[in-house]
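Here is a brief report on the model shown below. It covers surface, pocket and charge pairs.

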Amino acid sequence: MAEAGKEMTIIVTLKVHERFIEEMKDRLNELIKRKNVNYMILPDEGVTTTLSMTLTDVFAYIYFFNTDGVYDNKIIISVDDMTRVWARELYKFYEKKSAPTEP
């Protein structure tokens, strides 16, 4: 999506960011340098739920990980307006706690 020029925000925990640096530093740097990508780091302190979310104007797709960080088969997929409103609020919650990174 980033290569296609789509505006996107990526929020990762500090642990995930550190793993990205270890495993794919050059690719991460290329991603962060893109003007259409806003890459943010969420401090690990106080993070009780780990999830992955894709939120667009059309749908919300959210999946959760258990406390061990393993994919948990709990998925929310919805095109319902109220679900997208709730997902937007969840996104804003994490965004407020996160800090942007510079290339």
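In this predicted model, Ile-75 counts as partly exposed because its relative accessibility is 41%, which falls between the 20% and 50% cut-offs. The residue lies in strand 5, residues 71–78. Ile-75 also belongs to a nonpolar surface patch, together with Val-70, Tyr-71 and Ile-77. The four have about 370 Å² of accessible area together.

Tyr-63 is another partly exposed residue, with a relative accessible area of 22%. Its place is in strand 4, residues 60–65. Tyr-63 and Leu-51 are 12 residues apart in sequence. Their C-alpha atoms are 5.6 Å apart in space.

**The largest pocket**

Rolling a probe the size of a water molecule over the atoms shows where empty space is left. The largest pocket holds about 1700 Å³ of space. Its lining counts 42 residues. Nearest the centre lie Ile-10, Ile-11, Val-12, Ser-52 and Met-53.

Which elements each supply at least two residues of the lining? They are strand 1 (8–13), helix 1 (14–33), strand 2 (37–42), strand 3 (50–55) and helix 2 (81–97). Helix 1 gives the largest share, 10 residues. By class, the lining has 20 nonpolar, 11 polar and 11 charged residues.

**Salt bridges**

Side chains of opposite charge can pair when their charged atoms come close. The structure holds three salt bridges.

| Pair | N to O distance | Element |
|---|---|---|
| Glu-23 and Arg-19 | 2.9 Å | helix 1 |
| Arg-84 and Asp-81 | 2.7 Å | helix 2 |
| Glu-89 and Lys-92 | 3.9 Å | helix 2 |

Glu-23 and Arg-19 sit four residues apart, about one turn of helix 1. Both residues are exposed.

In helix 2, Arg-84 and Asp-81 are three residues apart, about one turn. Is Arg-84 buried or exposed? Arg-84 counts as buried, because its relative accessibility is 18% and the cut-off for buried is under 20%.

Glu-89 and Lys-92 are also three residues apart in helix 2, again about one turn. Glu-89 has 46% relative accessibility, so it counts as partly exposed. Lys-92 is partly exposed as well, with a relative accessible area of 35%.

Conventions
Residues numbered from 1 in each chain as written. Predicted model: local features only at pLDDT ≥ 70, side-chain atom pairs only at ≥ 80, totals over all residues. Heavy atoms only, no water. Patch = residues over 30% accessible without salt bridge, like charges linked within 9 Å, V, L, I, M, F, W, Y side chains within 5 Å. Areas by Shrake-Rupley, 256 points an atom, 1.4 Å probe, with all protein chains shown as cover. Salt bridge = Lys/Arg side-chain N within 4 Å of Asp/Glu carboxyl O. Buried < 20%, exposed > 50% of the residue type's maximum accessible area, 1.4 Å probe, protein only. 1 Å grid on protein atoms, 1.4 Å probe; cavity = no way out; pocket = protein on both sides within 12 Å on 5 of 7 lines; lining within 4 Å. Points joined across faces, edges and corners; volume = space filled by probe spheres on them. Nonpolar A, V, L, I, M, F, W, Y, C, P; charged D, E, K, R; others polar.
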